[in-house]
Amino acid sequence: MKFSVIFEAQLADPTVEREHQVIRDSVEQAVLAEEMGFDRIWAVEHHSLKWYAHMSAPEIFLTWVAAKTTTIRIGHGVVCMPFRFNHPARVAERAAMLDLLSGGRLDLGAGRGGTEQETSLCGVDRDRTTQEVEEALRIIGRAWQEDELEYHGELIDIDPHPILPRPEQIPHPPLFLACSRTETLTQAAELGIGALVMGFAGPESIAGMRTAYDAALATRTPERFVSSVVNDHFSVLCPTIVLDDRQRARRIGVRGQRFFAQSIGHWYGGAGIPDEAVVDGADEAAEMRRAAEQVVARLHEHDIPVRPASTATFNADHAYGTADDAIAYVERLRDAGADEIMCLIQMGTVPQEACLETIRQWGEKVIPYFKESGFKESGFKESGLQESGR
């Protein structure tokens with residue numbers, strides 16, 4: 001089992017000063033994560049999703065973190081792969097450069113970035129995003145298999161060109177796909193790449209997703225693989241705040257999760273503005289203040305008010321509480337089939353000191369509990385990578 005931290009760069013009140021600080025805070029958390037024994041960090045890529053994710057250039061963030069660390073793996077979780085977001089050859093070039101400079105520590109995930117808010121910014125055809133993601137993965141999977149890349153697909157043609165530089169990990173960094181539905185889990189398995197799975201619905205839902213992934217693994221054939229190596233790694237999101245004070249940890253975590261739920265609901269499901277997103281001077285400031293005033297009385301409730309479309313986001317049964325609570329929850333995720341626990345700590349209302357203390361508690365108490373049980377060390381083979389013909 002592996003342990004990682006994922007960064008959205010969320011903030012409830014995105015003034016210029018707070019936005020700059022949350023990026024710096026995320027770097028501080030990432031560096032501490034290495035010190036505390038985490039195996040990997042992940043950084044998302046989203047565009048124009050105010051409140052929900054200010055991590056628009058993860059390749060820069062990850063490069064900065066890589067320069068400040070020496071052992072922790074550096075993960076794109078994920079790159080928006082539709083061509084107008086990122087041309088596949090440019091993704092390959094950037095990935096290889098970061099993999100080289102980090103000493104072979106990169107993991108490369110793919111996703112659609114499919115909200116109307118994001119696709120309209122870059123002129124992405126929403127009807128082609130799924131196809132473009134798969135075609136991009138095929139291009140990256142073969143970019144360094146020969147001296148020059150040549151690709152002629154349904155959506156894009158690339159005449160012979162060398163893709164420079166070559167990555168340190170041969171033939172390329174491990175590949176992953178963001179998975180939130182059975183269809184994408186099946187796609188990841190059939191393409192021979194790892195799954196990055198949302199975990200808000202809890203261990204029972206994760207177990208069902210793992211069953212779907214394993215079923216696709218059992219019936220797939222090599223013809224659909226995007227590379228000569230396969231990666232069957234199953235990574236699961238784990239919202240968490242861990243403090244000595246169980247009730248305070250739960251209060252902070254559930255409040256942060258409510259903000260996460262409302263902000264994702266705003267951009268993905270057309271829900272209203274998040275209750276606590278109050279920005280002085282913005283056009284919507286008055287409306288947001290009224291909403292915030294209405295919610296003040298319930299800020300510290302354990303139950304999240306049902307507002308966004310996806311009720312799974314309101315499940316508050318996560319790793320909120322003490323280290324013992326987190327251990328018990330991770331055991332449930334492990335039993336559900338998780339190969340990796342992706343800790344979601346940096347949610348929009350969670351203060352920096354709680355984020356840092358959570359990382360420390362995981363490093364001092366939670367991770368050692370599982371590492372001392374004899375799990376493998378981090379490395380290329382631990383991600384489930386193997387030659388596809390085996």
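Visitor: Why are helix 1 and helix 11 called roughly parallel to each other?

Guide: In this predicted model, the axes of helix 1 and helix 11 cross at roughly 15°. Angles under 35 degrees count as roughly parallel, so helix 1 and helix 11 are roughly parallel to each other. The axes of the two helices also come within 10 Å.

Visitor: Is the crossing of helix 1 and helix 11 left-handed or right-handed?

Guide: Helix 1 passes helix 11 in a right-handed crossing. A crossing is given that name if the near helix is turned clockwise from the far one by less than a right angle.

Visitor: Which helices each supply at least two residues of the lining of the second largest pocket?

Guide: Helix 1 (16-35) and helix 11 (352-371) do. Helix 1 gives the most, with five residues. The pocket has a volume of about 270 Å³ and is lined by 16 residues. Nearest its centre lie Leu11, Arg18, Val22, Gly348 and Val350.

Visitor: How many residues of each class does the lining of the second largest pocket have?

Guide: There are six nonpolar, seven polar and three charged residues.

Visitor: How many cavities of 30 Å³ or more does the structure hold?

Guide: The structure holds one. In the largest cavity lies about 40 Å³ of space. A cavity is a set of points where a 1.4 Å probe fits but cannot get out, whereas a pocket is an open set.

Visitor: Which residues line the largest cavity?

Guide: The lining consists of Glu59, His76, Val79, Val91, Arg94 and Ala95. Strand 3 (73-80) and helix 3 (88-101) each supply at least two residues of this lining, and helix 3 has the largest share, three residues.

Visitor: What makes two residues of this lining charged?

Guide: Asp, Glu, Lys and Arg count as charged, so Glu59 and Arg94 belong to that class. The rest of the lining divides into three nonpolar residues and one polar.

Visitor: What links Phe3, Phe38, Trp362, Tyr369 and Phe370 into a cluster?

Guide: Ring pairs link these residues. Rings of Phe, Tyr and Trp pair if their centres lie within 6.5 Å. By this rule the count for the structure comes to 11 aromatic pairs.

Technical notes
Residues numbered from 1 in each chain as written. Predicted model: local features only at pLDDT ≥ 70, side-chain atom pairs only at ≥ 80, totals over all residues. Heavy atoms only, no water. Phe/Tyr/Trp six-rings, centres within 6.5 Å; stacked < 30°, edge-to-face > 60°. 1 Å grid on protein atoms, 1.4 Å probe; cavity = no way out; pocket = protein on both sides within 12 Å on 5 of 7 lines; lining within 4 Å. Points joined across faces, edges and corners; volume = space filled by probe spheres on them. Helix = DSSP H or I, 4+ residues; strand = E, 2+ residues; numbered from the N terminus. Axes fitted to C-alpha atoms, helices over the stretch in contact; angles between N-to-C directions. Parallel < 35°, antiparallel > 145°, perpendicular 65-115°, else oblique.
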